[in-house]
Amino acid sequence: NFDVAIIEGNKYVAVVSRDHKGNLIEATKQISLGSSIHGEAEAAWCAIRRATAKGFHGIIIEGDAWNIIEPLQKSSISPHWSIKAIFKDILNLAKSFVNVNFSYVHRVGNVSAHLFAQ
């Protein structure tokens, strides 16, 4: 799961990784620069980079930012111009997995990443 939180003008990107049973593997948090949409895209990018570094073969990238997830799911939908380079990197990394799924979850399904970002 990935999310971004804005606290006192700073944007914090968070990624929470779990195994197939839901057990915590890793949690990563960093400061992000730029707009909120850039932060959400950066969070998704961070999630897939971490999964690549861990050597996973199949992953599900979940987030509550529909404007990030939908263009990752459907190549016919173009992301915002300001994050196209990040999307290109995400989709290139996605090719290294046997199975990758980009999934939208409502805020309630993204609580762990949201709370960690805060």
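This is a predicted model: local features need pLDDT of at least 70, side-chain atom pairs count only at pLDDT 80 or more; totals for chains, interfaces and linings use all residues.
## Helix α1 and its end

Helix α1 itself covers residues 36–54. Its 19 residues, at 1.5 Å a residue, should span 27 Å, and the end C-alpha atoms are 27 Å apart, so the two values agree. The buried residues of α1 are I37, G39, E40, A41, E42, A43, A44, C46, A47, I48 and A51.

## The largest nonpolar core

In soluble globular proteins, nonpolar side chains tend to be buried together. The largest nonpolar core here has 25 residues, of which F2, I48, I61, I68, I90 and F102 touch the most other members. At least two core residues come from each of β1 (2–7), β2 (10–18), α1, β4 (58–63), α2 (66–73) and α3 (84–94). Helix α1 gives the largest share, 8 residues.

F102 is in contact with I48, I61, I69, L72, Q73, I90, L91 and A94, leaving aside neighbours within four places in sequence. Among these contacts, I48, I61 and I90 are also listed with F102 as touching the most other core members.

## Packing of α1 against α3

The axes of α1 and α3 are 10 Å apart and meet at an angle of about 20°. Angles under 35 degrees count as roughly parallel, so α1 is roughly parallel to α3. The crossing of α1 past α3 is left-handed.

On the α1 side, the contact is made by H38, A41, E42, A44, W45, I48, R49 and T52. On the α3 side, I86, F87, D89, I90, L93 and A94 take part.

Key: Residues are numbered from 1 along each chain as its sequence is written. Side-chain values use heavy atoms; hydrogens and water are left out. Helices (H or I, at least four residues) and strands (E, at least two) are DSSP runs, numbered from the N terminus. The expected span of a helix is 1.5 Å times one less than its number of residues. Buried means under 20% relative accessible area, exposed over 50%, partly exposed in between (1.4 Å probe, protein chains only). A nonpolar core is a set of buried Ala, Val, Leu, Ile, Met, Phe, Trp, Tyr and Cys residues joined through side-chain atoms within 4.5 Å. Contact means heavy atoms within 4.5 Å. Axes are lines fitted to C-alpha atoms, for helices over the stretch in contact, and angles run from 0 to 180 degrees between N-to-C directions. Angles under 35 degrees count as roughly parallel, over 145 as roughly antiparallel, 65 to 115 as roughly perpendicular and the rest as oblique. A crossing is left-handed if the near helix is turned anticlockwise from the far one by less than a right angle, and right-handed if clockwise.
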